[in-house]
Amino acid sequence: MKLLFENWRNFVDSIGEAAEPTPFKSAAQKRYKAQRKRNDMYSSPPGHKNLSSGSPFETKPKRAGTDRLRFEEETELENWRKFVNEEVEEPITTLRIFDFDETIAHTRSETRVKAPDGTELTVRSQQEFEEYMRAAAAKEGIEAFDAVDALIGLGYQIDMSDFSIVKDPHEISVITDIMREFPPNSKTYVVTARQGASLGPIMDYLDELGIDSSQVRPIATQGESKGDVMVVMMKNKIMDNGKSNINRIEYYEDSQKNIDDVLRKVCEDPELDDIKPLDFELIINKVINNDGQYNIQEIEC
Ligand SMILES: [Mg+2]
């Protein structure tokens, strides 16, 4: 979509700035000008000065039909064609979706929590974080997929500021080696539960790792369900036969909670069958950390 708007902007720029080095010098242009004059297509001030009601002709008069807008240049057509054809020229059939924390990199981020009863806790791993959130949500009777907002509403102080930066990162190369190769007909996303402010630092970090971040689209779900995001992506491009253009999703993730959510919404939901291509595949690559040694466990739909 970004490319689409870029092409559109280029197209608008190119027609807006179509330069005419010698305007109205050709025989044809002189004829047009003479004709406009005969047709009296001029706005002119005479007889309309300083009317108390305000004259439409108080501004500098401008001849009609003298805008420099032209549709003559080959390049303009080229831009237009690019604008129209972007989606057609880019037959995306595979989505590659990477989580960030504990999937692309391990960071030294901590979450500091203070409950309304005064108890304090520093949480150092995602697993610990999910366990705490699950327990706190159960205690408070919260059913949201992500309980953070609701808990804050109840007076919990949850400091996740470490997650707006990439703090002391350690690359998980079993994943980044896969990420670095961009297969044809695929689109690569980083989908993180972090806040939007973290996306810039994450993209900078990818560049540091030698991963071309211009080929990666970052999405911050801010705790919303990644399964829902994938469903939207599949519904985004429906072909004439009513099926999604996406026949393969590769999902790289460490959190079992997120994996269960994606299995439920993308793999098992019968409502999605209508738009799922017959050869649809969801390949989940679970990232497992064994004391700093990272492995991939494949989970199929
Ligand atoms: Mg993670």
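I call a residue buried if 20 or more other C-beta atoms lie within 10 Å of its own. This is a predicted model, and I read it as such.

**Overall.** By that cut-off, I get 20% of the 301 residues in the protein chain as buried. I counted nine helices and 11 strands in the chain. I also looked at the contacts with a separation of 6 or more: 71% of them join residues 24 or more positions apart.

**Cores.** I looked up the largest nonpolar core next and found 27 residues in it. I97, F98, I104, I175, M230 and I249 have the most contacts inside this core. I then checked which elements give two or more residues to it: the helices are α6 (173–180), α7 (199–208), α8 (226–236) and α9 (256–267), and the strands are β1 (94–98), β7 (186–192), β9 (248–253) and β10 (281–290). There is a second, separate core of six residues, and I noted F129, M133, A136 and V148 among them.

**I175.** Setting aside neighbours within four places in sequence, I see I175 in contact with F98, T103, I104, Y252 and V287.

**α8 against α9.** I wanted the geometry of this pair. The two helices pack at an angle of about 35°, and their axes are 7 Å apart. I logged the crossing of α8 past α9 as right-handed. On the α8 side I find K226, G227, D228, M230 and V231 making the contact, and on the α9 side N258, D261, V262, R264, K265 and V266. Sorting the residues of this contact, I get five charged, four nonpolar and two polar.

How values were computed
Residues are numbered from 1 along each chain as its sequence is written. This is a predicted model: local features need pLDDT of at least 70, side-chain atom pairs count only at pLDDT 80 or more; totals for chains, interfaces and linings use all residues. A nonpolar core is a set of buried Ala, Val, Leu, Ile, Met, Phe, Trp, Tyr and Cys residues joined through C-beta atoms within 7 Å. A residue is buried if 20 or more other C-beta atoms lie within 10 Å of its own, exposed if 12 or fewer, and partly exposed in between; C-beta atoms are placed from the backbone. Helices (H or I, at least four residues) and strands (E, at least two) are DSSP runs, numbered from the N terminus. Two residues are in contact if their C-beta atoms, placed from the backbone, lie within 7 Å. Axes are lines fitted to C-alpha atoms, for helices over the stretch in contact, and angles run from 0 to 180 degrees between N-to-C directions. A crossing is left-handed if the near helix is turned anticlockwise from the far one by less than a right angle, and right-handed if clockwise. Ala, Val, Leu, Ile, Met, Phe, Trp, Tyr, Cys and Pro count as nonpolar, Asp, Glu, Lys and Arg as charged, and the others, Gly among them, as polar.
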